[in-house]
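Here is a short report on a structure shown below. Look over the fold first, then read on.

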Number of protein chains: 2
Amino acid sequence: MSPVAVFTATIAHVGRLKEIPPMQNLTIDGERLWQTIMETAAFGATADGGVRRLTLGREDKQIRDWFRDQCEALGCTVDVDTVGNMFAHRPGRDRDALPIAIGSHLDTQPTGGKFDGILGVLAGLEVFRTLHAAGYETERPLILVNWTNEEGARFAPAMLGSGVHAGVFDQAFADSRTDADGVSFAEAIEAIGYRGSTPVGKKHFAAMFELHIEQGPVLERENADIGVVTGVQAMRWYDLAIKGQEAHAGSTPMDMRCDALADASGIILAAQEAARSLGGMATTGQLSINSPSRNVIPGHVTLSLDLRHQSEEGLDTLESAVVDLIRKQCGDRAQLQIVWNSPAVNFDPLCIDAVRTAAVKWGAAAREIVSGAGHDSVYIARVAPTAMIFVPCKNGLSHNPAESATIDHCAKGTQVLLESVLARAH
Amino acid sequence: MSPVAVFTATIAHVGRLKEIPPMQNLTIDGERLWQTIMETAAFGATADGGVRRLTLGREDKQIRDWFRDQCEALGCTVDVDTVGNMFAHRPGRDRDALPIAIGSHLDTQPTGGKFDGILGVLAGLEVFRTLHAAGYETERPLILVNWTNEEGARFAPAMLGSGVHAGVFDQAFADSRTDADGVSFAEAIEAIGYRGSTPVGKKHFAAMFELHIEQGPVLERENADIGVVTGVQAMRWYDLAIKGQEAHAGSTPMDMRCDALADASGIILAAQEAARSLGGMATTGQLSINSPSRNVIPGHVTLSLDLRHQSEEGLDTLESAVVDLIRKQCGDRAQLQIVWNSPAVNFDPLCIDAVRTAAVKWGAAAREIVSGAGHDSVYIARVAPTAMIFVPCKNGLSHNPAESATIDHCAKGTQVLLESVLARAH
C-alpha cells in the first residue's frame, strides 16, 4: 500500500456535509451490535473461540433462519434467490426507486473467526434496527444482503453468490461445485431449503456498501479507525514448475548441480524484491518438491506465485519483471502458467465520497486504503456503484479463531455505514 | 571435491610395481563380467530397464541362491552370518593367514539400476573366476562378501549388515528394524532362510577392497577411468524449523511480513554459498510449509539440511557458518536440530596405494577422489584396512533405472580390483 494521507475529523469537507440529510442525530447502538455479534458466534462456535460455519451446512442454515427472523421482526420482507443469496427489504418513500444495498456474508472459513463477513451483515442489521427504532423512512428502499459462499472454503471459488449475481459465473456453474466429500452445491442448497425462487441477478441497486474488517495490519499500525476503501488490488495467480536434475547430495560437486529448489529460492526472493521496488506484492504460499529426499538434490519443484498491485499497469510491470527474472534464473527449464486473473477494481467515486464524508463527520481517524483481499464488493462493483468501509482487526489477523476487532471500531464502522447509506438513500 | 591431479599411466610408480607378485599376466574377462551383470539384472528386473531387489525379499533370495551356486562352482565354501552377510571363502597357501576381502552388496533401491553395489560383488566373482581358470593360488585366503541391506530402502538405516559386522549396530537392533508393511528384519531373514549360523563380526580381514560406481559426475567430467578413493566425506544431517507469522497475502504490506518461506529461501542460498566458499557441500532435499495456501504468507516452514566436507574441521567450520547465517536471518525464530552425524573416513594408506599402483600399471586414467556417498566400506574401515575403487557412471546417475556404466570401465575397475587384491594377498 502506498502511503496515503490520514483523514481525520480536523479535515472538514464542509461542502459535502450539506449533502447529508438533516437527521444527523441517528446513532447506532454499539452495545447492541456487539451483543448480536456474540450471539451469532454461537452458530458454529469452536472450542478455541472461533467459528466454523461452512457454506450451506447445518450452522449456515441456523444463522440464515435467525437472520430472516431478525429482519422480519423489523417489518422487512426477506426473499432468497436461486443461489441462496438472501435479501431483506426495507421500503422507502419512493417504492419505485432503486434501493441502496448493504451486504456481506455470514459463512466462515473452517477455522474462522467472529467478524470476517459477519460484521458487515450484522452492521446492516444494526442500521435497520436503528432506523426502525427511530421510525425513520428513507427516500429509497434499503436492502440488506447475505451473499452465499463468499469464503469458497467448502465450494470453490470464493465470492460465488455475488459472482453469479453479477454475471461472472452462471447458475449451472455454481450448482456443479462440489465439496471435499463430493456433495454438490445444488444438493447442499436443497438439503437446507435455501434454494429461493427469486431469479438470480434480478435485484438492482442504486449503490452497495460493505463494512468489513481490514484483514491486514495497516489501519492498526497507523492508529486509524476507518479505512475508506477506494478499490481492490489487481491480482494474478500463477503456477511455476522448475525442472532441474536430481542427483546425489554427497557426490555431486556444488558447481555441477542443477538444483530446482535453489532456483525456486532465488526466484522467491527476487520476485519479492521486485514487488518491493515496484510497490506491489509477491507471495509464494505453496511449494513442493517432487519425490523429496534428504540426500537428493531436488530435480523438480512446483510453487505458487501471487502477484498484486494497486493498478493494472503496475501489475503488468511487476509480472514482466518476474517473467524476466525467472528466465534469467532458469532459462527454458521453468514453466509459468497463469491460473487466475482478477483485474483492479476502482470503487464508485460518489460512494467513496459518502464514506469519507461520514468518517470525517463522526470524528473518526480515517485513511484511504486499497483492499488487498477479495470481497463480494469486487463483483457487485461490476453491476452497481459500490464502496467499502474497513475497520482495524487485531494484528491484521483473519481466517483464524483469534480474529478480533474492538467494540469501538465495530461501532464506528457501523455509524459510518449508516451515514453513507443515508447519504445515498435520500 | 577439491581438484586433485589425475594419475595416468605416464606417471610410473616404479618402486611400488616391485611389490606386485610376478603373475602379471592374469587378466579378467570383461565380456564374461558384463554377461554376468546382465544375467543378474533379471532378478528383480523392471520394465524400464532398472532393478528392484529389496533386501531379504523374493528377488534378494533368488540372487543369494545364485551367488552361492556360482561361488561353490569355483570350489569356494559359502557361509552366512546371523544378519545374512554371505562369505565365499577361497583358500590360500597360508590357511591361517587373515584373508583379503572383496565386498559390496546385491540389494537395490526400489527404483534401482544394474550396477550400484552389484558391480562390486560380481567383480569379486570375476576375480575368483579368473584365479580359478588360471589355477592361481594366493598366499592369503580370499573372501568375497555380499553385505546385507546396504541400501536401507526396505529396512532403515543403510549399511546395516556391514554396520553390525563392524559393531556399529547390534544384532537386536537389526532384527527390530521394520519395513513399510510392518515386517521386521528378523521375520524377513527367516522367511527367505538366510539367517546363517556364523556369529556376526567374527570374520576378520587383513584388508577389504570395494569396487563401486562413483554415483557422481566427477570422473566422467574429467575423462578418468578409475577413482582411487582415499576416504569418505564427513556428513551431518539437520532439521530446521522456522517460525514466521501466517498472514493474508493480499492485505499484508511487504514491509510488515514475517515470511517463513522467504527466510528458508535465504538460508538455502546462503548455506550453499558458504559451502562453495569453504569447499564443502550443502543440500536441502526436503521442505514443507505448514498448511500451505496460495494466498497465505507461510507461517511455519520445516526443511532438511545436509552438510558435507572432506574433513571434520572443514565440516565444523561450515556448520558454524550455517548456524551464524540462520541466526542472522531468523534470530530465535529458527530451531536447528542435528539428526545424523557421520565422521570423515580416511581409508588405509597401503590399500589406497595398492589401488593407485594397479591403476597406473594398467594404464588407466586415474584420479584420487573422496566419496560423497556412504558405502559398506565406511563401516568396514573401522575394523579392517580398507580402500575403494570407483568407476564412472553415466551422467553421475544412480538409484535410477537409467544408472549406467560402460563395459570398458567395469572391466578396468575389475582388473584394478584383481591387482589390488593380489598386491595385498601375497
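B:Ala188 sits in helix H7 of chain B, residues 185-191. Helices (H or I, at least four residues) and strands (E, at least two) are DSSP runs, numbered from the N terminus. This is a predicted model: local features need pLDDT of at least 70, side-chain atom pairs count only at pLDDT 80 or more, and totals for chains, interfaces and linings use all residues. Residues are numbered from 1 along each chain as its sequence is written, while chains are lettered from A and ligands numbered from 1 in the order in which they are written.

B:Ala188 counts as buried because it has 25 C-beta neighbours inside 10 Å. A residue is buried if 20 or more other C-beta atoms lie within 10 Å of its own, exposed if 12 or fewer, and partly exposed in between, with C-beta atoms placed from the backbone. Leaving out residues up to four places away in sequence, B:Ala188 touches B:Leu56 and B:Val183. Contact requires C-beta atoms, placed from the backbone, to lie within 7 Å.

## A loop residue in chain A

A:Pro401 lies in the loop between strand E17 (386-391) and helix H13 (407-425) of chain A. A:Pro401 has 19 C-beta neighbours inside 10 Å, so it counts as partly exposed. Its contacts, not counting residues up to four places away in sequence, include A:Thr46, A:Asp48 and A:Thr111.

| Pair | Along the chain | C-alpha separation |
|---|---|---|
| A:Pro401 and A:Gly193 | 208 residues | 29 Å |
| B:Ala188 and B:Gly244 | 56 residues | 45 Å |

Helix H13(A) has 19 residues. From first C-alpha to last, H13(A) reaches 26 Å, close to the 27 Å expected at 1.5 Å a residue. The expected span is 1.5 Å times one less than the number of residues. H13(A) is largely enclosed by the rest of the structure, because 17 of its 19 residues are buried.

## Chain A as a whole

Chain A has 13 helices and 17 strands. Its radius of gyration is 23 Å, close to the 22 Å that the globule rule gives for 426 residues, so chain A is as compact as a globular protein of that length. That radius is taken over C-alpha atoms, and the rule is 2.2 Å times the number of residues to the power 0.38. Buried residues make up 55% of the 426 in chain A.

Domain bounds come from an automatic or database domain assignment. For chain A it gives domain 1 (6-232 + 344-425) and domain 2 (234-342). The C-alpha centres of the two domains lie 37 Å apart. Contact between them involves 4 residues of domain 1 and 6 residues of domain 2.

## How the two chains meet

Chain B can be laid on chain A with an RMSD of 0.2 Å, by a turn of 179 degrees and a shift of 0.2 Å along the axis. That is the relation of a two-fold axis. In chain B, the C-alpha nearest the axis belongs to B:Ser265, 2.2 Å from it. Copies are superposed by least squares on the C-alpha atoms of residues with pLDDT of at least 70 in both.

At the interface, 49 residues of chain B are in contact with 48 residues of chain A. H9(B) supplies the largest share of chain B's side, 9 residues. The copies meet through the same surface, because 98% of the interface residues of chain B are also interface residues in chain A.

Note on methods. Two residues are in contact if their C-beta atoms, placed from the backbone, lie within 7 Å.
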